[in-house]
Amino acid sequence: MSPAGKLPSEAERTLVRKSGAWTNPSYGSYPEKRPILEYIEKGVVNIDKPKGPTSHEVAAWVKAILGVSTAGHAGSLDPKVTGLLPALLGKATKAVPALRLSGKEYVCLLKLHKEMPQKLVRKVCEEFTGPIYQMPPIKSAVKRVIRIRTIYYLEVLEIEGSFVLFRVGCEAGTYIRKLCHDIGLALGCGGHMQELRRTKAGPFTEETLVTLQDLKDAYVLWKEEGDESEIRRVIMPMETAVSHLPKIILRDSAVDAVCSGAALAVPGITSLDVNLKKGELTALFTLKGELIALAKAEMSTEELLKASTGLAATSVRIMMEAGTYPKGWNKKE
């Protein structure tokens, strides 16, 4: 269970050093210093979705505004729902699955069908933390079977008459509309979701939200006046989208092998997350902070620190182009 008001993605990430290394400035680039076209094609923008359009429509508008090849959003919001809709751009869209599976936070207005004692409402809401059973609604994109979803925290903010305002942190794939319905059933009076706003999605919060108009203005400023400052402010490097994942940092000589499809060998590691677990999805980074690939850990931190040989991680999604770093391996190896 997460601490009150915290998603699992907000856990502090600490790295432990395995071996020393240095990075050659002639290869790669620090994410925030990428040339502007590459910066956009490997970027993510935290859109404040307005009420009305679908998530797919918003992603399409982002794509049209920036003129990128593709744009993918991390977790659909119903047309009437507002708030965080991180949109990954161009080559960064490969990281969409990792972000879609991250925890979410919402602020919801629940309308009870009858005014109930506030003490009882708060008590019942407290019971909806931890694992809960949910049947997806009829209008959903997934198979309608009962499944378990985790509610990390549910905090009642205000109660006025039959209206209940609460903040909830939950596992990806949790239906808040169904949660409201179930709270109403548990209270014995019925209830439904009146309004909903997403306030967190993985590592993204409201602090970095930008509107579609902000994005358009920043793009025009760059295109017409050559000023990159605003476009670099509203768009963040794709590395931001996986900052909630445990990390493994590679030495320069190991980067190109991973980019070419090879598994990461233990000697290629310079530092790693202190709590890495075997089988866990992890992010492989260069010493400059560039995302190389998403990978499955083949050993835990404890095992990796003791090992001198063997496979450390197997790539599931390669993010960096081969040839970005010099080849530090040969076929015989």
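Let me start with Leu 311, which counts as partly exposed at 48% relative accessibility; buried means under 20% relative accessible area, exposed over 50%, and partly exposed in between, with a 1.4 Å probe and protein chains only. This is a predicted model, in which local features need pLDDT of at least 70 and side-chain atom pairs count only at pLDDT 80 or more, while totals for chains, interfaces and linings use all residues. Residues are numbered from 1 along each chain as its sequence is written, and side-chain values use heavy atoms, leaving out hydrogens and water.

Leu 311 belongs to strand S17, residues 311–318; helices (H or I, at least four residues) and strands (E, at least two) are DSSP runs, numbered from the N terminus. From Leu 311 to Ala 297 is 14 residues in sequence and 8.9 Å in space, C-alpha to C-alpha.

Next, the salt bridges. Side chains of opposite charge can pair when their charged atoms come close. The structure holds 18 salt bridges, each being a side-chain nitrogen of Lys or Arg within 4 Å of a carboxyl oxygen of Asp or Glu. In one of them, Arg 197 meets Asp 48 at 3.2 Å, N to O. Arg 197 lies in strand S9 and Asp 48 in strand S2 (residues 43–49), so this pair ties together parts 149 residues apart in sequence. Arg 197 is partly exposed, at 24%, and Asp 48 is also partly exposed, at 22%.

Another bridge joins Glu 105 and Arg 167, at 3.9 Å, N to O. Glu 105 sits in strand S5 and Arg 167 in strand S8 (residues 163–170), so parts 62 residues apart in sequence are tied together. Is Glu 105 buried or exposed? Glu 105 counts as buried, with 5% relative accessibility, whereas Arg 167 is partly exposed, with 25%. Both residues belong to a network of salt bridges that also links Glu 10, Glu 155 and Lys 200.

A further bridge is formed by Glu 298 and Lys 296, with the closest N and O atoms 4.0 Å apart. Glu 298 is partly exposed at 22%, and Lys 296 is partly exposed at 39%.

Last, Tyr 133. This residue is found in strand S6, residues 130–134, and is exposed, with a relative accessible area of 62%. Tyr 133 forms a nonpolar surface patch with Ile 146 and Ile 148, about 360 Å² of accessible area together. Patches are made of residues with over 30% relative accessible area and no salt bridge, with like charges joined within 9 Å and nonpolar side chains (Val, Leu, Ile, Met, Phe, Trp, Tyr) within 5 Å. Accessible areas come from the Shrake-Rupley method with a 1.4 Å probe, and for residues only the protein chains shown count as cover.
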